[in-house]
Amino acid sequence: IKFVNQVTVRSKSDTPPLSALKNVEPPKFIKSKMKAKSSMGLGFRALGVKPVMLIFTIFLAVVALFAIGTLSAQTADDVTAKFNEAAGLMNAKDFAGAVAALNEVVAMSADVEGTEATAQQAQGYIPTCYFQAGLKQAQTQQLDEALVSFQNAAETAELYSNPKVMRNAKTMIARVYTMKGGSAFNSGDYAAAAEVFAKGFEADPNNTKLGLNLAKSYYELGKF
């Protein structure tokens, strides 16, 4: 993965490398001058406010507006920094954190001109991060969590046109269902096993192993 304007780090062979982002100019803001209007001839005392108090109130309002504008304004540099943060999390194998950062990149890019390429790269990596998170969870037998991660990987891969990750995610969904169903079958809970195997077979209809396991579960239940 290449950090934008930073050092180059390694990526796995099955993960497409990030290309360096082109430097883009931050959006140009139009400066506007605010003209203060008079109080239509009304004096401070007619308004029922002391001059010092009114000036202090106006000052606080201006400060608040300035603070809001500063917090809400996003620049191309902000988007790039957030993308680099996501890349660092991916390399540290913190895929859940990377997904959150990548989603922020996509959201931020929607309001900042010239960051479309950054957003597209982020979208391409979101399914991959979900998939890698699922692999880690499956390896530690966190099967329910892994199933959710693989399902998210499949959904976002379809959304962002990543057929390879979508195909691999569906395969892993079937494998997780096989593991969960096998556990239920071995404990003698054939009804639960049949339900799990059926979900897995629906996710991957070409998986003959799931089909056979589903048939065995039905056989044990006397449904044949």
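This is a predicted model: local features need pLDDT of at least 70, side-chain atom pairs count only at pLDDT 80 or more; totals for chains, interfaces and linings use all residues.
1. Leaving aside its neighbours within four places in sequence, which residues is Ser-109 in contact with? They are Val-79, Thr-115 and Ala-119.

2. Ser-109 is found in helix α4, which covers residues 95–109. The residue is buried: its relative accessible area is 10%, and the cut-off for buried is under 20%. A polar atom of the Ser-109 side chain lies 2.7 Å from the backbone oxygen of Val-105.

3. Next, the pairing of α5 with α7. Helix α5 spans residues 116–139 and helix α7 spans residues 163–186. Their axes come within 10 Å and cross at roughly 25°. The two helices are therefore roughly parallel, since angles under 35 degrees count as such. The crossing is left-handed.

4. Which residues make this contact? From α5 come Pro-127, Thr-128, Phe-131 and Leu-135. From α7 come Val-165, Asn-168, Ala-169 and Met-172. Six of the contact residues are nonpolar and two are polar. None is charged.

5. Thr-178 also sits in helix α7. Is Thr-178 buried or exposed? Thr-178 is buried, with a relative accessible area of 16%. Neighbours within four places in sequence aside, Thr-178 is in contact with Phe-197, Lys-209, Leu-210 and Asn-213.

6. One further pair involves Thr-178. Phe-201 is 23 residues from Thr-178 in sequence. In space, the two are 9.1 Å apart, C-alpha to C-alpha.

Methods:
Residues are numbered from 1 along each chain as its sequence is written. Side-chain values use heavy atoms; hydrogens and water are left out. Axes are lines fitted to C-alpha atoms, for helices over the stretch in contact, and angles run from 0 to 180 degrees between N-to-C directions. Helices (H or I, at least four residues) and strands (E, at least two) are DSSP runs, numbered from the N terminus. Angles under 35 degrees count as roughly parallel, over 145 as roughly antiparallel, 65 to 115 as roughly perpendicular and the rest as oblique. A crossing is left-handed if the near helix is turned anticlockwise from the far one by less than a right angle, and right-handed if clockwise. Contact means heavy atoms within 4.5 Å. Ala, Val, Leu, Ile, Met, Phe, Trp, Tyr, Cys and Pro count as nonpolar, Asp, Glu, Lys and Arg as charged, and the others, Gly among them, as polar. Buried means under 20% relative accessible area, exposed over 50%, partly exposed in between (1.4 Å probe, protein chains only). A polar contact is a pair of N or O atoms within 3.5 Å; within protein, one must be able to donate a hydrogen and the other to accept it, and residues adjacent in sequence count only if both atoms are side-chain atoms.
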